[in-house]
Amino acid sequence: MGALTNMLAAGTVTAGPEHCPDSSLPRLLDQFDMDEILNCMQCGFCLPACPTYRQTGKESASPRGRIALMKGAATERLQIDEEFEHNMYLCLGCRACETACPAGVPYGSLVETARDVVETRKKQKGDTSLLRDLIFHEVFPHPERLELMGSLLWMAQAAGLQALAQKTGLIKIMPRQAAEMATAVQTIASPWQRMKREPVMEPEREAAGLKIGLFTGCVMDMMFYETNQATARALTKAGCQVVFAKEQACCGALHAHAGEQSGAVELAKRNIEAFERAGVDFVVNNAGGCGAALKEYHHWFHDDPVWKERAMRFVGRVRDANELLAELPPLSFSKELNVRVTYQDSCHLAHGQGVRNQPRQLLKSIPGVEFVEMRGADTCCGSAGIYNITNFDMSMQILDDKMVDVENTKATLIVTSNPGCLLQMKKGIQRAGMTGQMEAVHIMDLIERAL
Amino acid sequence: MEKELKSQLRQIVGERWFLDTPDELYVYSYDATPLYQAMPDAVVMPSSVEEIAAVLKIANQHRIPIVSRGSGTNLCGGTVPTEGGIVLVTNRLNGLQEIDEENLTATFGPGLITSELHQAVEARGLFYPPDPGSMRISTMGGNVAECAGGMRGLKYGVTKDYIMGLQAVLPNGEVLRFGGKNAKDVAGYDITKLLVGSEGTLAVVTEITAKLLPLPKAKQTMVAYFSDLTDAARTVQRVIAERIIPATMEFLDQATMRVVEEFARIGLPLDMKAMLLIEQDGDPLQVEQDMIRIAEIAHAERAVEVRTAQHAEEGAKLMAARRAALSALSRVKPTTILEDATVPRARLAEMVDQIGVIANKYSVPICTFGHAGDGNLHPTCMTDERDTEEIHRVEMAFGEIFEAAIKLGGTITGEHGVGIAKAPYLEWKVGAGGIDLMKRVKEAFDPHGIMNPGKMFAKDQRRRVVVKTHGCAHEHVGGGHGHSRA
Ligand SMILES: Cc1cc2nc3c(=O)[nH]c(=O)nc-3n(C[C@H](O)[C@H](O)[C@H](O)COP(=O)(O)OP(=O)(O)OC[C@H]3O[C@@H](n4cnc5c(N)ncnc54)[C@H](O)[C@@H]3O)c2cc1C
Ligand code: SF4
Ligand code: SF4
């Protein structure tokens with residue numbers, strides 16, 4: 001019999017609910033995977049890898065601490081309250097801790113469950129935030145609405161977002177954080193530009209015999225339409241046929257990370273169906289965050305064997321664009337760029353999918369690119385999905401530290417593989433006062449410049 | 001703890017660095033030691049020696065326990081606040097104040113991470129040898145307080161061999177300095193060395209001056225595989241008997257190799273019963289010669305395969321695998337209990353044998369690895385804290401392992417410290433007289449017993465928490481997972 005039980009018997013462990021919570025709680029708590037939580041041996045190896053721990057030095061902001069909190073909540077020694085919620089959401093979800101963890105603790109899925117529990121609990125208690133509901137239930141699941149938002153954003157930007165926000169009173173519902181991040185948004189593709197897209201693009205050189213379904217992503221296609229087109233062009237240059245499957249939807253990652261598991265599952269089903277129908281060899285994406293989610297679809301169907309099977313087949317076909325391009329015969333470039341370039345890993349590409357070398361190889365293969373590795377390239381830039389909106393201050397602290405490392409490389413181009421990171425790096429350049437001296441660019445756009 | 005006291009503490013360290021909400025307290029209720037947990041009443045994260053002194057004064061006045069804490073990676077329950085009180089986190093005192101290249105010393109705060117010290121001094125061609133497996137996250141304060149060892153212990157010794165000077169705060173708030181940069185110093189009792197390994201039970205260390213060495217010019221790594229455990233142990237003994245002192249001689253048994261391979265995928269031959277990882281550093285020529293001789297000895301002792309790493313990267317990879325051994329073992333089962341029984345190195349083979357016998361007797365799965373050159377073994381048990389019956393058998397087995405170690409002239413802990421986990425066994429090693437003297441030393445520093453209470457010494461009769469638990473008839477002492485000998 002262990003000491004823990006002794007301590008409990010002796011009444012030394014005193015935290016915990018004052019009174020017995022309601023009956024819906026135990027079932028909710030069953031969602032926590034106790035086996036995986038216990039697999040954390042509390043060795044602390046993950047602490048130095050965690051950006052929020054490094055910023056604060058606080059155990060509650062560390063992976064080990066968060067797992068302990070989950071254990072506390074799952075065993076009803078801690079309440080699922082606002083503090084717990086805050087602690088679960090202060091995590092970037094960058095999964096650097098998973099790479100560092102020798103015990104193989106699947107932190108990413110643990111924190112998703114924890115957030116799901118938090119959200120369900122809030123619903124049970126009848127308090128959800130309106131804005132959150134709106135975004136997750138009314139916008140992301142509906143491509144046409146997202147498109148509308150894209151169009152709105154486009155118009156807003158054309159007219160000067162700040163001005164519009166003020167005129168319409170939008171500024172009142174759009175928190176400072178969102179407004180600040182909006183200043184980093186690049187020109188958004190106009191609705192008619194997107195309508196002109198060819199549904200199929202044929203290979204430009206000797207065919208590799210591959211039919212690729214491009215996963216366009218929701219935000220990606222809205223704000224980075226050009227990057228999607230560049231990705232498609234790079235793939236056709238590499239001899240692939242590229243199709244844009246019509247019924248595809250948002251990957252569901254944001255839903256999953258934000259504790260909206262059921263919404264995520266619905267989106268996953270839509271995507272699996274869409275790409276099955278398109279009959280493609282590979283599903284290629286250019287956003288590390290989406291890619292990691294797409295590759296995890298099979299984990300989302302634990303108690304649905306039929307869908308799990310379909311998800312496994314789908315997952316087997318998912319590739320990041322860097323990953324696939326590295327496997328195909330080298331691209332032939334026609335221009336020399338003559339720039340010093342550094343690379344910021346996308347957490348969900350590096351830690352989530354283990355894709356680290358491929359983008360670096362691709363960069364080095366571009367004529368005239370001088371590649372310099374940055375210190376801590378695989379630590380999170382603080383963008384982390386919508387983290388830079390939900391936890392703006394922490395995100396900016398992390399970003400400012402990151403920019404010091406960026407500046408030390410003396411590169412003029414900072415390359416990323418994920419739209420969130422790209423926006424964040426643009427913001428970072430502004431904050432560091434380096435606008436005009438340095439540019440942030442998605443790797444697919446850079447490749448396009450040299451093709 | 002009263003409101004008034006809390007607000008005083010808040011004033012000392014600042015709002016942001018005083019924590020007392022349920023989640024914040026909960027995450028300081030554990031460390032890397034499985035099975036132990038207790039809640040503190042408050043957590044402070046001071047940024048200066050002055051703040052620490054002020055906190056201690058208040059704590060001493062009101063008899064509130066103080067638990068110093070670095071990164072909480074110790075393996076003896078050393079930072080579990082068994083009697084509540086204040087957890088004092090030192091990680092904000094992490095400045096590296098000076099690297100003195102003339103005196104070959106470094107001076108830094110206790111919150112400095114061990115491997116950051118390594119990097120900083122190595123960048124100047126200098127060397128701080130102690131390298132606990134946890135060095136990427138352990139603090140130097142924690143290393144000092146536990147007298148941490150590591151893989152280079154055989155040739156270079158442990159933390160205490162490098163600590164030259166300390167600044168420490170006594171429980172009454174007095175700030176004192178001991179030792180310094182002098183290579184020789186016999187002015188009075190050696191309090192510096194006494195504080196090393198004192199596990200936060202005497203004072204809070206606030207500044208450390210450590211001795212540095214020149215960075216060895218060359219290093220080579222070798223791995224040898226054996227189809228018999230005792231062959232490996234004999235190889236260790238023979239190498240040293242031949243007057244070769246390698247920097248490192250690490251030992252992994254088959255069960256450990258399997259798990260490490262699963263994690264690191266470095267191509268270990270899993271049909272082998274044991275492997276030795278040997279590293280020698282120094283002058284290139286000497287290193288070369290030593291490695292050749294060690295290989296000969298290993299072959300003579302029936303090593304099946306001996307291989308020298310072709311380049312530094314290959315060597316580093318092998319060593320990294322060894323460093324990950326403990327954590328990798330934890331993949332097997334939810335709860336991993338690791339001990340660190342140590343014997344004089346000539347008794348190594350016997351000890352390894354005994355562990356096997358004891359593991360069988362209690363039918364508990366035990367993997368063994370460790371610092372073979374130091375006779376310091378880490379028998380590690382993979383179990384499940386929810387299986388009370390098995391945990392009970394594990395406790396019995398470890399009790400017997402400690403007993404076996406002592407019979408072989410060894411000790412209950414080589415480098416992880418006593419804490420709560422081994423407090424019940426301390427008397428086996430040092431005797432009643434030893435305990436009594438140690439307690440009087442503690443009283444001299446800490447008359448009110450506020451410094452990390454419940455650690456090192458099993459609680460006295462009055463405070464002892466004896467719990468009878470189901471399926472387990474004997475007594476449990478004060479939260480220790482060991483049983484009392486009586
Ligand atoms: C995976 C793993 C591998 C390990 N490998 C080794 C190894 O090879 N060799 C080895 O020796 N140990 C090893 N350890 C044990 C542990 O890492 C060491 O004991 C380390 O020194 C603890 O450092 P820390 O900063 O985590 O200290 P903590 O765990 O926070 O504290 C340890 C003790 O020091 C006291 N303390 C901390 N700071 C101060 C201070 N400033 N003043 C006074 N007292 C203080 C605490 O009260 C406590 O008693 C390992 C642990 C793990 C999890
Ligand atoms: S996901 Fe990133 S931020 Fe979250 S605990 Fe892991 S390392 Fe820290
Ligand atoms: S590294 Fe893994 S096992 Fe160790 S504390 Fe972190 S999550 Fe837990």
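These legends describe close-up views of a predicted model.

**View 1. Confidence across the predicted model.** The model scores ipTM 0.90 and pTM 0.84. Chain A averages a pLDDT of 80, and 76% of its residues score at least 70. Within chain A, confidence is lowest in helix α1 (residues 3-10), with a mean of 36. It is highest in α5(A), at 96. Chain B has a mean pLDDT of 90, with 94% of its residues at 70 or more.

**View 2. Stretches with pLDDT under 50.** Residues 1-21 of chain A have a pLDDT below 50. Beyond near neighbours in sequence, this stretch has 51 contacts in the model. Residues 150-175 of chain A also stay under 50. Here the model has 27 contacts beyond four places in sequence. In chain B, pLDDT stays under 50 over residues 460-486. For that stretch the model has 56 contacts beyond four places in sequence.

**View 3. The largest nonpolar core.** This core has 70 residues. Phe32(A), Met70(A) and Ile66(B) touch the most other members. Helix α3 (residues 49-62) of chain B gives the largest share, seven residues.

**View 4. Met70(A) and its contacts.** Sequence neighbours within four places are left aside here. Met70(A) is in contact with Phe32(A), Ile37(A), Phe84(A) and Met88(A), among others. Its contacts also include Tyr107(A), Leu110(A), Val111(A) and Ala114(A). Both Met70(A) and its contact Phe32(A) are among the residues that touch the most other members of the largest core.

**View 5. The shell around ligand 2.** Residues around ligand 2 include Cys50(A), Cys91(A), Cys94(A) and Cys97(A). Pro51(A), Pro63(A), Arg66(A) and Arg95(A) also belong to its surroundings, as do Leu92(A), Gly93(A), Ala96(A) and Tyr107(A). In chain A, α5 (63-74) and α7 (96-100) are the elements that give two or more residues to this shell. By class, the shell has nine nonpolar, one polar and two charged residues.

**View 6. The shell around ligand 3.** Ligand 3 is surrounded by 13 residues. The closest are Cys40(A), Cys43(A), Gly44(A), Cys46(A) and Cys101(A). The shell divides into 10 nonpolar, two polar and one charged.

**View 7. Domains of chain B.** Chain B is divided into domain 1 (96-214), domain 2 (218-326) and domain 3 (332-421). The C-alpha centres of domain 1 and domain 2 of chain B lie 29 Å apart. Their contact takes 11 residues from domain 1 and 12 residues from domain 2.

**View 8. Pro284(B) in helix α10.** Pro284(B) is found in helix α10 (residues 284-300) of chain B. Pro284(B) counts as partly exposed because its relative accessibility is 42%. Leaving aside neighbours within four places in sequence, Pro284(B) is in contact with Lys217(B) and Ala218(B). Pro216(B) is 68 residues away along the chain, yet the two C-alpha atoms are separated by 9.0 Å.

**View 9. Two arginines with positive phi.** Arg63(B) is not a glycine, but has a positive phi of about 60 degrees. Arg63(B) lies in the loop between α3 and β3 (66-69) of chain B. With a relative accessible area of 46%, Arg63(B) is partly exposed. Arg243(B) has a positive phi near 70 degrees. The loop holding Arg243(B) runs between α8 (229-241) and β13 (248-253) of chain B. Arg243(B) is exposed, because its relative accessible area is 70% and the cut-off for exposed is over 50%.

Note on methods
Residues numbered from 1 in each chain as written. Chains lettered and ligands numbered in written order. Predicted model: local features only at pLDDT ≥ 70, side-chain atom pairs only at ≥ 80, totals over all residues. Heavy atoms only, no water. Core = buried A, V, L, I, M, F, W, Y, C linked by side-chain atoms within 4.5 Å. Buried < 20%, exposed > 50% of the residue type's maximum accessible area, 1.4 Å probe, protein only. Helix = DSSP H or I, 4+ residues; strand = E, 2+ residues; numbered from the N terminus. Contact = heavy atoms within 4.5 Å. Near = heavy atom within 4 Å. Nonpolar A, V, L, I, M, F, W, Y, C, P; charged D, E, K, R; others polar. pLDDT = per-residue confidence, 0-100. Domains from an automatic or database assignment.
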